[in-house]
Amino acid sequence: QAIQQWSEYVENIRKQTALFEGETEEQQRKRIKLLEADHELWFKYYFPQYCYAEPADFHKEASLRILKNAEWYEVRNWSRELAKDVRTMMEVLYLVLTKKKRYMLMISNSYDNAEKFLKPYQGNLQANQRIINDYGVQELPGSWSAGDFVTRKGCAFLALGAGQSPRGTKNEEVRPDIIVFNDIDTDEDCRNPDIIEKRWQWIEKAAIGTRSISKPTLIVFLGNIIAEDCCVVRANTTADFVHVVNIRNENGESSWPQKNTEEMIDRVLSLVSYNAQQQEYYNNPIDEGKVFKEMTYGPCPPLRDLSFVVIYADPSPSNRDRPGIKAKVQNSCKAVVIVGYLNNKYYIYKAFVDTTTNATFIDWLYATRTECGTSTQPYFFIENNTLQNPFYEQVLLPLIHAKGKEPGKTVLGISPDTRAKPDKYFRIEGTLEPLNRMGCLILNEKEKENPHMKRLEAQFKSVSANSKTMDGPDAVEGAVFITQQKITVQSVGAVKVFKRPANAKRY
C-alpha cells in the first residue's frame, strides 16, 4: 500500500511538470541561465503545482535573505496557510541543484514527521520532469530510501526525529550545510518545561553541533509560536533574523491577499475559538486562567444614571513592547472601551478590540460618542506616554480632526493620557484583578455575543507576565484609573454633582 501511494504521488508530480516541446540545447542553456539568475522565475518554472498564487512581498524578502547569505540562521514564525514549508523546500532545492549546498538535515518532533516533511523533496527530485530535463536524473538506486537518500550528483538528505543521535553525520567529507527544523514543538511537549529544556539542549549540542565550523551553513526554524516557552521561541533569541508573519498584518488585512482573501480568512476564523485563532494564525498562544479565571457579565445601569463615563483608547503597543531590530513582527492590536461607575462597581458598556487600521480606530472613537449620546457626560482619553510620542500628535490627531470635519460631525474633544505607567501586566493585575474577583468589574451582558467583547474577555483570561496581547484589559485599566481619580475629587467635596431642579419658566 505504501509503494502504491508513493507511485501515485510521484506520478502526480510528473504530470504537473510537463515539458515544453521543441527546445534546442542552446535554447535550454540560455533558459536555465536566465532562470538561475532570478530565483522567483526559477520557482515558478520548476514548481508550477505550488506557485499557483503570486508570492507576497514577505515571501520574496525571505527568499532573498536565504539565498544571498551562505551562512544564515533564520526563524520563520509564519501563520498556517502562508506556505512556509513549500517556500523553504523550493529554496533548498534551488541551493542543492545549483551546487551551492550538498547535505540537508530535516528535523522534526519525531522521525515519522521528519520523513513526511522530506517526502516532497524526494518526490520532486525523483519525478519532476523539468528538474530531470535540466539537471539530469537525480534518483540513485541503492541510496533512495524514505527519509535517507542521496542524489546522483552527491547531494544527501536525512530525516531526524528529536532526540535521535546525529553525531558524526557526513556525506562523504561534507557535514550538514542545511539544517531545517520543522514543527519541532508539539502542544503536549510544551506543557512540560523539562521536555522543552531537554529538547533545546539536544538542538544546540547535538543537532546544530553536526555542522562544520569552517563551512557556511543555513539553519531555518519553521513553526508557529504555540507556547510561551518552546523551542521556536528560544531559537528567536539566537537567530540572525526572526520573521513573524500572521494571517493578517498590523492593519488587519490579509498578509497574502493573492491567495487568502478576507472572506476566506473570515470563514476559517469563524469556525474556531479566539484562543485557537491567536495560536494558529497570530503566533500568540493564550494560556487561560492565570489571573482572570472567569469574567462577570451582567446588566449595566442606564447611562442617564451615571455622573459620567470614561472612554479610553489604546492605539497600539508602545516602543517598549516592540520587537528587537532582528525581528519583523506584524502585530498591533487596538482597543477602545466605555467604562462607567455606579455603587462601587465598574461597568464596561462597550468595547472595540481588534487588530485594525488607524482609520478604523478613529471610527471606533466617534462611534462611542454616538453610543453615549446626551445621556451622560463622556470623558475621552487616549494613551500617549513618552514611548509613543510623537505618534499621537503626528498621526492620530490629524485623523481625529479630519473625521470631525465630515458633514454632520464635530471634532471630538479628547485628552492624551500622559501618565508614566508601570509595567502593563502589574497594572492590570493590581488594579483590575481585585475588582473582578469581588464581582465589581461587570461586562455588559447585552454585548456578550459581540466579537469585540469576546476578544476583550479572551484577552482578560490570557493575562500573564509574558502575554503579548493585553491591549483590551490595558484600556480598561486606563479608564478605571481615571475614573477613580475623578471619584476621589468628588468625594472630598471639590466637585459636587447633582440634578438641576426643574424650572417652569425654562423650556
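Mentor: Let us begin with helix α5 (residues 84-97): at 1.5 Å a residue, its 14 residues should span 20 Å, and its end C-alpha atoms are 20 Å apart, which agrees. The expected span is 1.5 Å times one less than the number of residues in the helix. Helices (H or I, at least four residues) and strands (E, at least two) are DSSP runs, numbered from the N terminus. Please note that this is a predicted model, in which local features need pLDDT of at least 70, side-chain atom pairs count only at pLDDT 80 or more, and totals for chains, interfaces and linings use all residues. Residues are numbered from 1 along each chain as its sequence is written, and side-chain values use heavy atoms, with hydrogens and water left out.

Trainee: How many of the 14 residues of α5 are buried?
Mentor: The number is 12, so α5 is largely enclosed by the rest of the structure. Buried means under 20% relative accessible area, exposed over 50%, and partly exposed in between (1.4 Å probe, protein chains only). Among the buried residues of α5 are Lys 84, Arg 87 and Glu 91.

Trainee: Which residue follows α5 with a positive phi?
Mentor: That is Lys 99, with phi near 65°.

Trainee: Changing topic, how many salt bridges are there?
Mentor: The count comes to 30 salt bridges, each being a side-chain nitrogen of Lys or Arg within 4 Å of a carboxyl oxygen of Asp or Glu. Side chains of opposite charge can pair when their charged atoms come close.

Trainee: Where do Glu 11 and Arg 14 lie?
Mentor: Both lie in helix α1 (residues 2-16), three residues apart, about one turn of the helix. Glu 11 is partly exposed at 32% relative accessibility, and Arg 14 is partly exposed at 30%.

Trainee: And what about Arg 31 and Asp 134?
Mentor: Their side chains form a salt bridge at 2.8 Å, N to O. Arg 31 lies in helix α2 (residues 25-37) and Asp 134 in helix α7 (residues 129-135), so the pair ties together parts that are 103 residues apart in sequence. Arg 31 is buried, at 15% relative accessible area, and Asp 134 is buried at 13%.

Trainee: Which residues are linked in a network of salt bridges?
Mentor: Arg 65, Glu 74, Arg 76 and Glu 91 are linked in this way. Glu 91 is also one of the buried residues of α5.

Trainee: What does the side chain of Arg 130 reach?
Mentor: It reaches the backbone oxygen of Tyr 45 at 2.6 Å. Leaving aside residues up to four places away in sequence, Arg 130 touches several residues, including Thr 17, Phe 20 and Pro 48; contact means heavy atoms within 4.5 Å.

Trainee: Last one: is Tyr 341 buried or partly exposed?
Mentor: Tyr 341 counts as partly exposed, at 21% relative accessibility. Tyr 341 is found in strand β12 (residues 333-342). Not counting residues up to four places away in sequence, Tyr 341 touches Leu 306, Tyr 346, Thr 483 and Ile 487.

Key:
A polar contact is a pair of N or O atoms within 3.5 Å; within protein, one must be able to donate a hydrogen and the other to accept it, and residues adjacent in sequence count only if both atoms are side-chain atoms.
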